[in-house]
Amino acid sequence: MIALYPGSFDPVTYGHLDIIERASQLFDKLIIVIMENDEKKPAFSSSQRKELLEKCISHLPNVSVKVGSGLTVD
């Protein structure tokens with residue numbers, strides 16, 4: 001089973017990482033999607049958030065990070 005975890009992750013928190021760790025054990029694959037919102041002023045760029053998350057999850061082989069925009073359902 002594949003799970004999707006969308007969010008802004010601006011910045012990534014220990015709470016996010018706890019959910020990621022737990023979900024990685026429950027699903028075959030977990031895809032974290034950093035959602036962009038043009039109406040908000042993020043502290044970090046999408047590429048910075050992606051890089052930070054990738055470093056934090058490097059020990060989880062079944063977790064990947066993508067950047068998305070619009071509605072998650074699309």
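Glu51 and Lys55 are 4 residues apart in helix α2, which places them about one helical turn from each other. Helices here are DSSP runs of H or I of at least four residues, strands are runs of E of at least two, and both are numbered from the N terminus. The two side chains form a salt bridge, with the closest N and O atoms 3.5 Å apart. A salt bridge is a side-chain nitrogen of Lys or Arg within 4 Å of a carboxyl oxygen of Asp or Glu. Glu51 is partly exposed, at 45% relative accessible area, whereas Lys55 is exposed, at 56%. Buried means under 20% relative accessible area, exposed means over 50%, and partly exposed lies in between (1.4 Å probe, protein chains only).

The model is predicted: local features need pLDDT of at least 70, side-chain atom pairs count only at pLDDT 80 or more, and totals for chains, interfaces and linings use all residues. Residues are numbered from 1 along each chain as its sequence is written, and side-chain values use heavy atoms, without hydrogens and water. The pLDDT is the predictor's confidence in each residue, on a scale from 0 to 100. The protein averages 94, and 100% of the residues score at least 70. Among the elements, α1 has the highest mean pLDDT (97) and β3 the lowest (95).

The count of salt bridges comes to 3. Side chains of opposite charge can pair when their charged atoms come close. Helix α2 (residues 46-56) also holds Lys50 and Glu54, 4 residues apart, about one turn of the helix. Their side chains meet in a salt bridge at 2.9 Å, N to O. Lys50 is partly exposed, at 27% relative accessibility. Glu54 is partly exposed too, with a relative accessible area of 35%. In helix α1 (residues 14-26), Asp18 and Arg22 are likewise 4 residues apart, separated by about one helical turn. A salt bridge joins their side chains at 3.0 Å, N to O. Asp18 counts as partly exposed, at 37% relative accessibility. Arg22 is exposed, at 54%.

The strands form an open sheet of 3 strands in the order β1-β2-β3, with parallel pairing. Strands β1 (2-7) and β3 (63-69) stand at the edges with a single partner strand each, so one side of each is left without a neighbour in the sheet. From one strand to the next, the twist averages 25°. Axes are lines fitted to C-alpha atoms, for helices over the stretch in contact, and angles run from 0 to 180 degrees between N-to-C directions. Strands of a sheet pair through backbone hydrogen bonds, either parallel or antiparallel. Two strands count as paired if DSSP finds at least two bridges between them. Strands β1 and β2 run parallel and are joined by 6 bridges. Leu4 has Ile31 in β2 as its bridge partner. Strand β2 (residues 29-36) pairs with β3 in the parallel sense over 7 bridges. Ile31 stands opposite Ser64 in β3.

Both helices pack on this sheet. Helix α1 touches β1, β2 and β3, and its direction makes about 150° with that of β2. Helix α2 touches β2 and β3, and its direction makes about 155° with that of β2. Contact means heavy atoms within 4.5 Å. Strand β2 is mostly covered, with 6 of its 8 residues buried.

Ser46 lies in helix α2. Ser46 is buried, with a relative accessible area of 12%. Not counting residues up to four places away in sequence, Ser46 touches Ile34, Glu36 and Val67. Ile19 lies in helix α1. Ile19 is partly exposed, at 42% relative accessible area. Ile19 and Ile57 are 38 residues apart in sequence and 12 Å apart in space, C-alpha to C-alpha.

The structure holds 1 aromatic pair. Tyr5 and Phe9 form this pair in an edge-to-face arrangement, 5.1 Å centre to centre, with 85° between the planes. Rings of Phe, Tyr and Trp (its six-membered ring) pair if their centres lie within 6.5 Å; planes under 30 degrees apart count as stacked, over 60 as edge-to-face and the rest as tilted. Tyr5 and Phe9 are both buried.
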